[in-house]
Amino acid sequence: MSLQSVRDFFAENAPDISVIESPISSATVTLAAEAYGVEPGRIAKTLSLRIGERVILIVASGTSRMDNKKVKAQFGGKPKMLGLEEVAEITGHEVGGVCPFGLKVPLPIYCDVSLKAFDVVVPAAGSTHSAVRITPDRMAELVAAEWVDVCEHRP
């Protein structure tokens, strides 16, 4: 269902973008970089967070690390990662396939500026064996994401 919801999202909003599938798992940044033949920084990982009563998604470069102080300053509360079951229940995507596309319910989405270092990034596409290749600006535009600076940037 999750992979299909992402396929449906692109069919409706960006038919020029195709979901690509890999026979090997892309559930982690390292595996995804290997599976899609890119450097780890190009993997656009999606963090599922609860801040107070709100659930948000932050999409960041695979080599960046969330900075709790920056997140707290930006969103006014301490971030807490969602649990495995909670992630699937809220986003409709399993851990390792979480992405800002084809969500079960609309959620606020933020793109970290760490993505802007790349012309093309590779976010998951709803499963641990799927992804898309997309420019950071197009991704942000398609999911109505706001740009934020909430990560520690690592080369």
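Start with the largest pocket, which holds about 430 Å³ of space. A pocket here is worked out on a 1 Å grid over the protein atoms alone: an open set of points where a 1.4 Å probe fits, with protein on both sides within 12 Å along at least five of seven lines, and lining residues have an atom within 4 Å of a point. Grid points are joined across faces, edges and corners, and the volume is the space filled by probe spheres set on the points.

Before you click further, note that this is a predicted model, where local features need pLDDT of at least 70 and side-chain atom pairs count only at pLDDT 80 or more, while totals for chains, interfaces and linings use all residues. Residues are numbered from 1 along each chain as its sequence is written, and side-chain values use heavy atoms, with hydrogens and water left out.

**Stop 1**

Helices (H or I, at least four residues) and strands (E, at least two) are DSSP runs, numbered from the N terminus. Which element gives the largest share of the lining? Strand 2 does, with six residues.

**Stop 2**

At 17% relative accessibility, Gly96 counts as buried; buried means under 20% relative accessible area, exposed over 50%, and partly exposed in between (1.4 Å probe, protein chains only). Leaving out neighbours within four places in sequence, Gly96 is in contact with Ser26, Ala27, Ala124, Ser127 and Thr128, contact being heavy atoms within 4.5 Å.

Next, pick Ser26 in the loop between strand 1 and helix 2. Ser26 is buried as well, at 7% relative accessibility. Not counting residues up to four places away in sequence, Ser26 touches Leu31, Ala32, Ala35, Tyr36, Gly96, Thr128, His129 and Ser130.

**Stop 3: helix 2**

Select residues 29-36, which make up helix 2, and highlight the buried Val29, Ala32, Ala33 and Tyr36. They cover an arc of only 100 degrees around the axis, which puts them on the same side of the helix; the arc is that of the directions from the helix axis to the C-beta atoms. What do they pack against? Strand 1 (20-21), strand 2 (43-51), strand 7 (122-123) and strand 8 (130-131). Just after helix 2, Gly37 takes a positive phi of about 65 degrees.

**Stop 4: helix 4**

Over on helix 4, the buried residues are Val87, Ile90 and Thr91. Look down the axis: they fall within an arc of 80 degrees, so they line one face of the helix. Strand 2 and strand 3 are among what covers them. Glu85 and Glu89 are exposed on the face turned away from that buried side. Glu89 has a relative accessible area of 55%, and its C-alpha is 8.2 Å from that of Lys104, 15 residues apart in sequence. Just after helix 4, Gly92 has a positive phi of about 85 degrees.

**Stop 5: the cores**

Now show Phe10, Phe101, Val132 and Met139, the residues with the most contacts inside the largest nonpolar core, which has 32 residues. Such a core is a set of buried Ala, Val, Leu, Ile, Met, Phe, Trp, Tyr and Cys residues joined through side-chain atoms within 4.5 Å. Helix 1 (2-13), strand 3 (54-61), helix 4 (84-91), strand 6 (109-112) and helix 5 (136-142) each give two or more residues to this core. Helix 1 supplies the largest share, four residues. A second, separate core of twelve residues includes Ile51, Ala60, Phe75 and Val150.

**Last stop: Ala144**

Finish at Ala144, in the loop between helix 5 and strand 9 (146-148). Its phi is near 55 degrees, a positive value in a residue other than glycine. Buried or exposed? Ala144 is exposed, with a relative accessible area of 67%.
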